[in-house]
Amino acid sequence: NNNGLNDIMCAGSPSSITGSGNTYSTQTCGVSLSVGNCYVDYITSCGTDITRNGMTYIIPYTFTAPDLFDGTCINVSADNVVIKGTPLIIGGTAIIGAPQISDPSQFIGTGVGIKGRKNITLSGLSITNFNIGVDVDSNNLTNIIGNRIVSNGLYGLIIQGNSVSTNVTNNNVCLNEGSGTASLDINCISTGIVRGIGNTAGGSGGSGNYIGPSCTTLGFSSC
């Protein structure tokens, strides 16, 4: 165990590798995991800092942040990383959430933070009750695909900095309205090109979208 990661390596890899205080044991990849490469970790708690390149991270079940958690639940500090909900969960969606509080304007923390990284994919997750659901900042090649980012406070999804080659496809980004008229489902202020199709965002309650000049090919329909 390390920072919420329960580590496995698939058959065909070395029988064990020791690093960063962990020993990774050989196991057989289950077909139900649908993992394209054989290096797989589980994320099972908030406060996880992803630091190893070239890994696929599975979120196997729902978990919530501790009370008054004001950090980033999953912080990506590595390249060539996939984070996905497992098909073992009905609907293929794992929920990352902050504790329910009575006043949504008091939501704090960030669900997933990705800053200054390369080739990151986030798919099949439900992210809710944070101040910011997903924060993409100055990355090169980011794929946000098939996620449910709902009922966060300030922003559901913010794409900022010089985020190059960002793909946002088939996401439900709705009801992110805890901060009233300041809230946005999608806040796309990147200076790099952002593309996507099939998203649902904006038009719900107090939330809308801000689509900057580099984001005009980001397709979506209203919630």
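Modeller: With the definitions: strands (E, at least two residues) and helices (H or I, at least four) are DSSP runs, numbered from the N terminus, and two strands pair if DSSP finds at least two bridges between them. In this structure, T128 has V150 of β16 as its bridge partner. Strand β13 (residues 125-128) and strand β16 (residues 148-150) run parallel and are joined by three bridges.

Colleague: What should I know about the source and the numbering?

Modeller: The model is predicted: local features need pLDDT of at least 70, side-chain atom pairs count only at pLDDT 80 or more, and totals for chains, interfaces and linings use all residues. Residues are numbered from 1 along each chain as its sequence is written, and side-chain values use heavy atoms, with hydrogens and water left out.

Colleague: How many helices and strands does the protein have?

Modeller: There are 23 strands and zero helices. Seven of the strands form an open sheet with parallel pairing, in the order β5-β8-β11-β14-β17-β20-β22. Its edge strands, β5 (48-50) and β22 (208-211), each pair on one side only. Strand β20 (residues 184-188) is joined to β22 by four bridges, and the two run parallel.

Colleague: Which residues on the two faces of β13 are buried?

Modeller: Buried means under 20% relative accessible area, exposed over 50%, and partly exposed in between (1.4 Å probe, protein chains only). In a regular strand the side chains alternate between the two faces of the sheet. For β13, L125 and I127 on one side and S126 and T128 on the other are all buried, so both faces are covered. Over the whole protein of 223 residues, buried residues make up 48%.

Colleague: What is S123 in contact with, beyond its sequence neighbours?

Modeller: Contact means heavy atoms within 4.5 Å. S123, in strand β12 (residues 118-123), is buried at 18% relative accessible area. Not counting residues up to four places away in sequence, S123 touches I83, K84, G85, I145 and N147.

Colleague: Is G146 in a strand or a loop, and is it buried or partly exposed?

Modeller: G146 sits in the loop between β15 (140-145) and β16. With a relative accessible area of 35%, G146 is partly exposed. Beyond four places in sequence, its contacts are G124, L125, T169, N170 and N171. The C-alpha atoms of G146 and K84 are 9.7 Å apart, while 62 residues separate the two in sequence.

Compare S163, in the loop between β17 (155-160) and β18 (164-169). S163 is buried, at 0% relative accessible area. Among its contacts beyond four places are V136, D137 and I193.

Colleague: How many disulfides are there?

Modeller: A disulfide is a pair of cysteine sulfur atoms within 2.5 Å, and the count comes to three. C46 and C73 are joined with an S to S distance of 2.0 Å. Their S-S torsion is about -90°, so this disulfide is left-handed. It links distant parts of the chain, 27 residues apart: C46 in the loop between β4 (39-43) and β5, and C73 in strand β8 (residues 72-76).

Colleague: Where do C174 and C223 lie?

Modeller: These two form a disulfide with an S to S distance of 1.9 Å. C174 is in strand β19 (residues 172-174) and C223 is in the segment after β23 (217-221), so parts 49 residues apart in sequence are tied together. C174 is buried at 7% relative accessibility, whereas C223 is partly exposed at 38%.
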